[in-house]
Amino acid sequence: MELDIKKIKDQALKEIEGIKNSEEWEQIKNKYFSRKSGELAKLLKDLKDVSEDLRPKVGALANQVKTEIESALDIKLSSLKNNGSALERDFIDVTLNVEKYKLGHLHPVTQIAMELEDIFKSMGFMILDGPELESDYYNFEALNIPTWHPARDTQDTFYIDAKDKLLLRTHTSPVQVRAMQKYGAPLRCVVPGRVFRNEATDASHEHTFYQLEGLMIDKDISITNLIAVMKELLSGIFKEEVNVRLRPGYFPFVEPAFELDIQCLICGGKGCPVCKQSGWVELMPCGLVHPSVLKYGGIDPKKYSGFAFGLGLTRLVMMKYKIDDIRLLQGGDLRFLNQF
Ligand code: DAH
């Protein structure tokens with residue numbers, strides 16, 4: 001009996017070695033492992049005729065041979081797959097009809113942010129990021145807005161932690177001071193990002209929206225530099241003639257401060273809910289960086305000056321695509337988003 005088992009093993013291994021293709025492999029596999037007529041099945045049947053004292057030893061041998069033949073077959077199969085024709089090798093059937101996946105695309109705000117980043121990169125600006133969960137210090141204090149300042153009332157937010165004075169940033173301006181502290185002067189950077197306000201929503205107000213902060217600091221920076229950069233930016237984005245106006249504004253962190261408005265592209269200046277019936281939309285408040293803010297950033301205001309702006313990115317997207325309700329942008333409605 002033991003001799004028979006060894007014979008089967010030698011014969012099987014020899015045959016397996018000679019296999020040339022998957023049909024032959026299948027045949028040999030059946031020859032040994034077929035449940036009814038396979039050589040190994042026969043062997044196990046014969047096992048019951050073996051005397052009881054020998055049975056465990058012979059049984060163990062039979063099992064060992066079975067495993068050896070199995071693994072020889074496995075090895076052969078993988079070598080057939082690696083060496084076989086492309087058809088045997090490839091497990092992907094390119095002709096198979098599969099359901100098409102729907103590919104997503106970038107949100108319109110992301111698309112415009114990326115366009116803006118390209119424009120600013122071409123003018124030598126860095127693209128920076130800052131925390132959305134911001135400290136009271138960077139969001140207000142270091143921007144010349146102390147606790148008692150009435151300007152805080154215009155930017156109510158969600159206070160997260162009273163002890164550590166953490167809040168959801170109301171604007172991207174805190175990154176101005178962070179950037180100054182990190183990079184010093186001269187400095188050119190823009191900061192696209194998400195900001196938050198605690199306010200009632202309507203066609204032109206949202207609790208979550210996007211801004212793009214800009215900052216340029218160098219020797220002898222003046223309003224002329226500011227206007228030149230703004231012109232470049234507006235023509236790059238709108239690619240059509242837009243009417244703009246510059247008027248005095250107020251923000252504690254710039255002096256003098258301006259509001260750059262564009263004529264409402266949704267109503268053409270006639271008045272609508274988006275422009276609050278005024279015909280103009282505040283797009284880009286800006287100004288020359290206040291000396292105190294430069295100091296907070298560790299920059300000497302006697303040596304350097306700079307300009308800053310806070311472009312309303314969400315508003316810009318609304319103007320560019322003539323979207324008449326800001327809430328659509330955060331609403332996640334695919335009927336809306338699929339149009340971009
Ligand atoms: N951070 C201001 C806001 O969200 C906008 C702003 C105004 C940014 C003037 C600036 C600036 O950089 O110079 O209301």
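The legends below describe close-up views of a predicted model.

Residues are numbered from 1 along each chain as its sequence is written.

**View 1. The shell around the ligand.** The ligand is surrounded by 16 residues. The closest are His171, Ser173, Arg197, Gln211 and Glu213. A residue counts as near if one of its heavy atoms lies within 4 Å of the molecule. By class, the shell holds seven nonpolar, seven polar and two charged residues. Here Asp, Glu, Lys and Arg are charged; Ala, Val, Leu, Ile, Met, Phe, Trp, Tyr, Cys and Pro are nonpolar; the others, Gly among them, are polar. Strand 6 (208–218), strand 9 (280–289) and strand 10 (305–312) each give the shell at least two residues. Strands (E, at least two residues) and helices (H or I, at least four) are DSSP runs, numbered from the N terminus.

View 2. A polar side-chain atom of Glu213 lies 2.7 Å from a ligand oxygen atom. Ala308 places a backbone N or O atom 3.1 Å from an oxygen atom of the ligand. For Phe309, a polar backbone atom is 3.3 Å from a ligand oxygen atom. The protein covers 95% of the 360 Å² of accessible area that the ligand has on its own (Shrake-Rupley method, 1.4 Å probe).

View 3. Seven strands form an open sheet with mixed pairing, in the order 1-5-6-10-9-8-7. Strand 1 (126–127) and strand 7 (244–249) are the edge strands, each pairing on one side only. Two strands pair if DSSP finds at least two bridges between them.

**View 4. Strands 7 and 8.** Strand 7 pairs with strand 8 (residues 254–263) in the antiparallel sense, over six bridges. A hairpin of four residues joins strand 7 to strand 8. Arg245 has Asp261 in strand 8 as its bridge partner. Pro248 stands opposite Phe258 in strand 8.

**View 5. Backbone details.** The Ala185 to Pro186 peptide bond is cis, with omega near -5 degrees. Pro186 lies in the loop between helix 8 (174–183) and strand 5 (187–196). The peptide bond from Glu255 to Pro256 is also cis, with omega near -5 degrees. Pro256 is found in strand 8. Lys276 is not a glycine, yet has a positive phi of about 50 degrees. Lys276 lies in the loop between strand 8 and strand 9.

Technical notes: This is a predicted model: local features need pLDDT of at least 70, side-chain atom pairs count only at pLDDT 80 or more; totals for chains, interfaces and linings use all residues. Side-chain values use heavy atoms; hydrogens and water are left out. A polar contact is a pair of N or O atoms within 3.5 Å; within protein, one must be able to donate a hydrogen and the other to accept it, and residues adjacent in sequence count only if both atoms are side-chain atoms.
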